[in-house]
Amino acid sequence: MNDQIFETVVTTCSPAGVIHVAPMGVRYSGDRVVLKPFRPSTTLDNILVTRRAVLNLVDDVRVFAGCVTGRRAFATVDAQRAGEPRAVRLACALEHLLLRLDEVDDDLERPTLGLLRVHEARHGPWRGFNRAQAAVIEGAVLVSRLRMLPPDKIVTEMRYLQIAIDKTAGDAEREAWGWLQEAVERHAAAAVEGAAR
Ligand SMILES: Cc1cc2nc3c(=O)[nH]c(=O)nc-3n(C[C@H](O)[C@H](O)[C@H](O)COP(=O)(O)O)c2cc1C
């Protein structure tokens, strides 16, 4: 049986305080939040050094689409606790969990990090499932794998996801979807150019 995975956004800080934002699928195991970052990963490096991460639960899917299309300058808010290392959350987080690294199961390809909750806070209401948001997350996964997937699979899946966008998107979802479409088109154009060379 597979683990149940939830798509979140993890904010970390380097020891010098540089903020990093990355979408990450997480598992919840008892008290623990479990992350499995593929190497190489700035998120992994930051967590191993600072032993802290912030889990952001968001419904603004522009963060997912933005991260996979090179737009990472999202507004953040200080989430540091007294006596703790620097931590920030996304300004758009509906909820955030400040986490402390508790256990590392090391692996050359994909270590498993077990983190414990130091603090958590709610900032906004969750309004229910939105199919366009789910479509943007699926689209972001596709875009993060453009180099690994056959072109016809990308076209077919984007066409299917477009249905949910057309039926249920708001402005944020439409903007995020536009960034993903642009990335898919850029990738397809580069492939045609490469083949013609
Ligand atoms: C919805 C979604 C879920 C993701 N989940 C993971 C994950 O669980 N582990 C991982 O290594 N990368 C995951 N990624 C890809 C990372 O966000 C991306 O590769 C990121 O840049 C990680 O490397 P970094 O820490 O250097 O930023 C996911 C991407 C998306 C769009």
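Modeller: Happy to, and let us begin with a pocket: the largest share of the lining of the largest pocket, 6 residues, comes from strand β2. Keep in mind that this is a predicted model.

Colleague: Which elements supply at least two residues each of that lining?

Modeller: They are β2 (19–29), α1 (42–50), α2 (62–68) and α3 (131–144). The lining has 27 residues in total, and those nearest the centre of the pocket are Pro23, Met24, Phe38, Ser144 and Arg145. The space inside is about 940 Å³.

Colleague: What makes a residue of the lining count as nonpolar, polar or charged?

Modeller: The residue type decides: Met, Phe and Pro are among the nonpolar ones, while Arg is one of the charged ones. Sorted that way, the lining of the largest pocket has 14 nonpolar, 6 polar and 7 charged residues.

Colleague: And what is the volume of the second largest pocket?

Modeller: The second largest pocket holds about 750 Å³. It is lined by 23 residues, with Phe6, Glu7, Val58, Trp126 and Phe129 closest to its centre. By type, the lining divides into 13 nonpolar, 5 polar and 5 charged residues.

Colleague: Let us turn to single residues. Why is threonine 11 called buried?

Modeller: Buried means under 20% relative accessible area. Threonine 11 has 1% relative accessibility, so it counts as buried. This residue sits in strand β1. Leaving aside residues up to four places away in sequence, threonine 11 touches His20, Val21, Ala53, Val54, Asn56, Val88, Arg89 and Leu90.

Colleague: How do you know that the side chains of threonine 11 and asparagine 56 make a polar contact?

Modeller: A polar contact needs a pair of N or O atoms within 3.5 Å, one able to donate a hydrogen and the other to accept it. For the side chains of threonine 11 and asparagine 56 the distance is 3.0 Å, and the pair is listed as a polar contact.

Colleague: Which peptide bond is cis, with omega near -5 degrees?

Modeller: That is the bond from arginine 39 to proline 40. Proline 40 lies in the loop between β3 (32–35) and α1.

Colleague: Now the whole chain. How many helices and strands does it have?

Modeller: There are 5 helices and 8 strands. Read from the N terminus, the order is β-β-β-α-β-α-β-β-β-β-α-α-α.

Colleague: And why is the chain called as compact as a globular protein of that length?

Modeller: The globule rule gives 16 Å for 197 residues, and the radius of gyration of the chain is 18 Å, which is close to that value, so the chain is as compact as a globular protein of that length. Along the principal axes, its C-alpha atoms fill a box of roughly 55 × 40 × 40 Å. Of the 197 residues, 42% count as buried.

Colleague: What share of the contacts between residues at least 6 apart in sequence joins residues at least 24 apart?

Modeller: The share is 64%.

Technical notes: Residues are numbered from 1 along each chain as its sequence is written. This is a predicted model: local features need pLDDT of at least 70, side-chain atom pairs count only at pLDDT 80 or more; totals for chains, interfaces and linings use all residues. Side-chain values use heavy atoms; hydrogens and water are left out. On a 1 Å grid over the protein atoms alone, a cavity is a set of points where a 1.4 Å probe fits but cannot get out, and a pocket is an open set with protein on both sides within 12 Å along at least five of seven lines; lining residues have an atom within 4 Å of a point. Grid points are joined across faces, edges and corners, and a volume is the space filled by probe spheres set on the points. Helices (H or I, at least four residues) and strands (E, at least two) are DSSP runs, numbered from the N terminus. Buried means under 20% relative accessible area, exposed over 50%, partly exposed in between (1.4 Å probe, protein chains only). Contact means heavy atoms within 4.5 Å. The radius of gyration is taken over C-alpha atoms; the globule rule is 2.2 Å times the number of residues to the power 0.38.
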